[in-house]
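This briefing covers chain contacts, confidence, helix packing and sheets. Please read it alongside the structure shown below.

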Amino acid sequence: MSPDEKDDKPAEETAEDAAPAIGPVADLFKTALPGVSLEAAQGALDVLITIDGKDAHQVLETAKNDEALAFDFLRNLSGVDYEDAGLEVVYHLYSYTHGHNVTVKAKLPSQDPRIQTVSDLWRAADWHEREARDMFGIVFEGHPNLVPILLPEDMLDHFPLRKDVPLAPLEEWQGEQLGENMANAGHIPPGSGFDVTPSAEGE
Amino acid sequence: MIGVLRSLTATMGTMLRKPVTIQYPTQHRKVPERERAFPILLWDFDIDEPFCTGCHACERACPVECMTVTMKDNPKQAAGESKRRKIVDEFFIDYARCMRCNICVEVCNFDAIAMNNTWTGHELSVVDREDLVMDRDQLMALSKEKQIRPWVPGA
Amino acid sequence: MADMTTEHELDTIDVNVNIGPQHPATHGVFRMVLVIDGEEVVDLVPHIGYMHRGAEKLSENMDYRQAIGYQDRTEYLAQFNAEMCYVQAVEKLAGLVPPDRAQYIRVILAELNRISSHFMFLGAFGTDLGVFGTAFTYAFRERENVLDLFEEVTGDRLMYAYFRPGGVAWDVPRDFKERVEWVCENALVGAMDLDKLLTDNEIFIMRTRGIGILNAQDAIDYGATGPVLRASGVQHDLRRAEPYSIYDRFDFEIPIGTNGDSYDRYLVRLAEIRESVKIVRQALAQMPEGPILPERMPRLLRPAAGEVYMRCENPRGEYGIYLVSTGGTQPYRLRIRSSCFCNLSALKHMTVGHYVADAVTILGSIDIVLCEVDR
Amino acid sequence: MSLPFLWGVFGVNMNVWLDAFVRLQLVVVVMTVTVMGLIYLERKFVGRLQMRLGPMRTGPFGTLQSIADALKLLTKEDLRPSTADFWLFEIAPYVTFVPVFMTLLALPFMDGWFVRDLQLGLFYIVAISGVTVIGYLMAGWASDNKYALLGAVRSAAQLISYEIPLILGVLAVSIVAGSLNLNAIILQQDTVPNLVLQPLPFIILLTAILAELSRRPFDIPIGESELVGGPWVEYSGIRWSIIFALTEYAGLWGFAVLGSLVFLGGWEWPFGTRSFWGDYDFVYQLFLVFTKSFFIILTMMWISATFPRLRIDQLMSFCWKILLPFGFFQVIINGIVVTYKPSEELRDVLLFLTSSALLVAMSLAIYLATRQPSREERVGKLLASRSAQ
């Protein structure tokens with residue numbers, strides 16, 4: 001499997017622009033993991049393999065140890081909240097030996113998201129998983145110390161990146177609050193080009 | 001020991017070069033005309049009114065929502081002097097929130113707002129944070145005194 | 001009686017020294033609790049998260065142009081590289097192809113930003129080791145030249161927000177080529193000064209050689225990328241392995257180290273400054289005239305639904321943007337893969353067993369930017 | 001005695017104590033002025049080394065900078081941590097400063113002018129300068145702060161171990177001069193300064209002085225980027241300025257004058273004892289001593305602006321494994337050369353050859369020492385294995 005023609009889109013685009021041909025990595029995955037249900041798709045840059053959360057660890061273990069795949073570099077592990085379609089843990093992998101990429105997306109229920117940790121396969125996953133737990137509440141079973149990393153230690157139940165958590169409202173500075181202290185024009189230091197007395201309305 | 005002597009000559013070598021210090025309050029560094037200090041409104045001198053028509057384009061595009069704009073009918077349009085049907089009535093920019101990202105200048109289709117490229121824009125300092133909320137006349141003051149240097153992309 | 005002293009060793013207790021969030025050696029707000037026995041570090045517990053401002057959550061409530069500002073604020077030492085990565089992620093989804101002139105402007109500014117970031121490292125690394133002001137002022141004289149150039153091009157010294165999906169916001173000033181040539185000339189002079197001051201200074205060698213060794217296998221396992229990985233001998237640079245934008249049109253070497261210690265990380269970064277100057281000069285020679293944005297740019301960008309993991313080679317390693325869009329005007333999920341976040345996770349592995357003074361050296365040699373670690 | 005008008009005042013057989021007191025006041029005035037000047041000089045000179053201007057704001061060329069610093073430090077509040085050990089914390093600054101001031105007593109600044117002419121001048125100076133270590137330890141222990149304690153323990157190790165090269169450097173020269181009295185050493189140098197005779201002890205003395213004052217390559221106790229401030233972390237205001245500014249710069253000046261007297265020939269070398277201007281030849285003697293110590297101070301500042309900091313174990317091995325053996329060799333060889341009483345020229349040539357040969361050997365040893373594989377490769381991660389069990 002020569003790595004150079006790995007997942008570049010074929011030249012002739014089909015008429016109704018159907019999903020571009022899926023890269024060869026997907027076939028490698030299918031041959032290496034016959035028993036597991038995988039759906040392969042072609043993202044903008046890499047091949048997307050979608051699997052169920054329960055057999056994530058098995059898929060990723062073969063991805064790392066199988067010589068044809070040999071993904072020894074976990075680029076990025078991130079959580080995504082698709083509201084009603086449940087949560088998703090996305091693993092971006094790269095292989096230094098073959099030079100090819102893959103994105104493995106593990107689907108999880110949004111209520112009690114549990115998944116097997118991969119920090120035993122790649123030590124890079126340790127901090128990424130702690131951050132995913134902080135932001136989405138995904139529990140990684142078997143993780144050495146799953147304590148908050150970016151958020152304060154006691155913030156164990158609030159998951160900011162969930163879609164149902166709204167942004168805090170802006171504290172009001174302009175608008176109606178300005179009305180009463182408009183008389184502060186004098187505070188601007190003279191000579192700063194902004195020290196102008198408020199002129200009469202509608203000149 | 002050669003490395004030790006080599007680094008000694010390195011420091012002595014730079015001693016002979018001219019020091020690079022600019023003594024700030026007395027000498028000011030030349031500021032390029034594309035300088036982005038804080039947005040200000042521009043003044044149309046031939047019709048003697050602001051360019052801004054209060055169309056809320058910049059207010060909607062601002063990432064940190066630091067602008068508040070209201071619109072009113074242009075009395076001069078009735079008198080036939082200017083083509084603008086609407087003119088800006090109230091215009092507040094909260095300099096404490098503004099992150100100087102220049103999106104308002106790009107979004108404005110009347111070229112009414114520009115970035116302040118003078119030193120006073122940088123050296124503005126106030127005692128109370130509420131003084132950083134600039135109203136319409138303060139925003140137009142600099143443009144009225146012709147201190148804002150116009151620049152055209154690619155110039 | 002003879003074995004009285006040897007039989008029960010002097011039972012000393014390990015002291016917890018807190019190299020706290022506010023400390024000259026931590027280059028920002030980062031706290032590491034060193035458990036030390038005498039002078040040697042037995043254990044190290046890093047604490048991060050002080051600079052977490054929720055850039056990812058904020059970006060999900062901004063439209064595609066407004067979110068550019070957050071890339072500068074996460075990676076504040078290599079803003080152009082971060083913006084380039086985000087902007088290319090959006091272009092990949094929206095199917096936009098920026099005109100050539102814009103691509104060249106982006107590459108020139110990104111490489112100059114790499115130079116200014118490496119000078120920042122050299123200055124800070126010198127100060128960590130004790131050359132109190134000298135290395136810093138040498139490095140910052142060059143960095144100021146680069147920042148002045150950026151100010152002339154974009155108008156701002158730190159938060160540029162200059163790249164747009166599809167190209168750059170506005171064209172470069174007329175005297176851009178002479179200015180860039182002058183800045184490159186000075187960058188080489190600065191690099192030579194620092195090289196003379198530090199590289200084969202015996203005390204510098206003693207303080208950095210063999211300190212914080214990270215061999216190739218551990219570096220890959222910890223997800224370390226960039227100079228930290230290349231210093232361990234892995235020849236991997238995204239500009240060469242997975243060329244993005246127009247990097248395949250330039251030829252430059254990739255400096256790698258041999259035994260992955262702090263000294264090699266310093267040498268790799270010093271050599272990368274010279275490589276970046278080479279790239280800038282080639283790009284300057286080939287820069288065409290022409291437009292800087294595609295003709296019909298939609299007023300409010302709506303990229304097609306889909307997801308992309310765009311990665312670029314930042315001065316500190318691989319900076320990735322995992323962008324999920326559902327066709328709306330706002331990104332659905334924007335995940336920033338920070339290079340320092342992974343490099344920092346290898347800190348404990350490198351530091352245990354060394355002295356307290358070495359813990360500071362190793363932390364300096366990783367060259368972390370805390371805003372990027374905490375996002 | 002060539003000081004007519006000055007001596008006349010003191011010549012009257014005053015009470016011995018009053019005479020010593022008046023001379024001490026003279027030295028105190030000169031010391032404070034030079035300390036202020038040295039602080040200003042250091043900031044300007046190191047600034048210029050780093051291509052910047054240095055202080056320019058206070059006074060015409062920033063000349064009033066050190067006065068401004070002194071005023072600031074005087075008006076600052078003297079904080080003391082509540083859990084500090086009261087008396088130790090109070091006394092520590094004085095225990096560090098007084099010994100440095102006392103070394104100035106035995107230094108003959110001019111021919112025949114000193115506070116007290118001690119027959120064992122050199123021995124006294126080296127002995128007294130050892131007392132500052134106690135002040136460092138008191139400050140570190142009393143301020144009840146982990147950083148301060150670590151800094152104090154480090155400074156104790158460093159200062160005590162660099163005491164011995166200081167002694168050896170000076171001893172080698174006093175063997176050649178035949179006496180510990182500073183005047184005798186200077187008078188012996190009228191034809192050729194000891195630096196030419198003995199280059200190695202001069203280098204050893206220079207490094208030992210840098211270590212004694214904890215200046216840049218050896219400023220482990222006050223490692224700014226590691227243990228911020230070392231033993232002085234908890235001090236502020238005038239206490240801090242006594243420990244830090246006065247001790248360091250008074251010590252710098254004192255040791256620089258000692259180095260110039262003992263090695264560069266003090267007020268003796270270029271013109272010998274022939275009276276030049278009759279009664280006023282103390283002017284050029286002062287000028288000679290001033291320029292030579294100024295030269296030594298500038299080299300020390302130049303070195304401190306260029307080198308990174310040594311690690312504590314490298315500092316120790318540098319002292320015990322390199323400075324000490326070569327110091328002992330030098331003393332033994334001097335002993336041998338002097339006991340056989342060769343003729344004047346032969347002695348000088350022999351001393352010069354042996355000393356410079358040892359100097360080359362020492363720099364070679366340093367060069368090889370820095371190229372050693374690091375401790376980690378040799379010993380492996382001792383601690384990691386221990387903590388891993």
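Two strands pair if DSSP finds at least two bridges between them. In chain B, 3 strands form an open sheet in the order β4-β5-β7, with antiparallel pairing. The model is predicted. Of the 5 pairs of chains in contact, chains C and D share the most contacts.

**Chain contacts**

- Chain A and chain D have no contact between them. Their closest C-alpha atoms lie 16 Å apart.
- Chains C and D share the most contacts of the 5 pairs of chains in contact. The contact takes 35 residues from chain C and 34 residues from chain D.
- On the side of chain D that touches chain C, the elements giving two or more residues are α2 (16–49), α13 (312–339), α14 (344–370), α15 (375–379) and α16 (382–388) of chain D.
- The largest share of that side, 4 residues, comes from α16(D).
- By class, the side of chain D that touches chain C has 15 nonpolar, 11 charged and 8 polar residues.

**Confidence in chain A**

- The average pLDDT of chain A is 78, and 76% of the residues score at least 70.
- Residues 1–17 of chain A have a pLDDT below 50. In the model, this stretch has 18 contacts beyond near neighbours in sequence.
- Where pLDDT is low, the predicted coordinates should not be read in detail.

**Helix packing in chain D**

- Helix α7 (residues 146–177) of chain D packs with α13(D) at an angle of about 15°. Their axes are 9 Å apart.
- Angles under 35 degrees count as roughly parallel, and α7(D) and α13(D) are therefore roughly parallel to each other.
- α7(D) and α13(D) cross in the left-handed sense. The contact of α7(D) with α13(D) has 19 nonpolar, 7 polar and 1 charged residues.
- α13(D) also meets helix α10 (residues 199–212) of chain D. The axes come within 10 Å and cross at roughly 145°.
- The crossing of α10(D) and α13(D) is left-handed.
- α10(D) makes this contact with D:Leu200, D:Pro201, D:Ile204 and D:Thr207. α13(D) brings D:Leu323, D:Phe326, D:Gly327 and D:Gln330.
- The residues of the contact of α10(D) with α13(D) divide into 5 nonpolar, 3 polar and no charged.

**Helix packing in chain C**

- Helix α12 (residues 262–286) of chain C packs with helix α15 (residues 356–366) of chain C at about 30°, with their axes 9 Å apart. That angle makes α12(C) roughly parallel to α15(C).
- α12(C) passes α15(C) in a left-handed crossing.
- C:Ser262, C:Arg265 and C:Tyr266 of α12(C) meet C:Thr361, C:Ile362 and C:Ser365 of α15(C). By class, the residues of this contact are 2 nonpolar, 3 polar and 1 charged.

**Sheet in chain B**

- The sheet in the order β4-β5-β7 (chain B) is open. Its edge strands are β4 (67–73) and β7 (133–134) of chain B, each pairing on one side only.
- β4(B) is joined by 7 bridges to strand β5 (residues 86–94) of chain B, and the two run antiparallel. B:Asp73 has B:Lys86 in β5(B) as its bridge partner.
- Helix α6 (residues 136–144) of chain B lies across β5 and β7 of chain B. The helix α6 of chain B runs at about 95° to β5(B).

**Strands in chain C**

- Strand β2 (residues 31–37) and strand β3 (residues 40–47) of chain C run antiparallel, joined by 7 bridges. C:Asp37 has C:Glu40 in β3(C) as its bridge partner.
- β2(C) and β3(C) form a hairpin with 2 residues between them. In the turn, C:Gly38 has a positive phi of about 75°.
- Elsewhere in chain C, 3 strands form an open antiparallel sheet in the order β6-β7-β8. β6 (306–314) and β8 (333–337) of chain C are the edge strands. The twist averages 10° from one strand to the next.
- β6(C) and strand β7 (residues 317–325) of chain C pair in the antiparallel sense over 9 bridges. The bridge partner of C:Tyr309 in β7(C) is C:Tyr322.
- Helix α4 (residues 79–94) of chain C packs on this sheet, touching β6 and β7 of chain C. The direction of α4 of chain C makes about 155° with that of β6(C).

Methods: Residues numbered from 1 in each chain as written. Chains lettered and ligands numbered in written order. Predicted model: local features only at pLDDT ≥ 70, side-chain atom pairs only at ≥ 80, totals over all residues. Contact = placed C-beta atoms within 7 Å. Nonpolar A, V, L, I, M, F, W, Y, C, P; charged D, E, K, R; others polar. pLDDT = per-residue confidence, 0-100. Axes fitted to C-alpha atoms, helices over the stretch in contact; angles between N-to-C directions. Parallel < 35°, antiparallel > 145°, perpendicular 65-115°, else oblique. Left-handed = near helix turned anticlockwise from the far one by under 90°.
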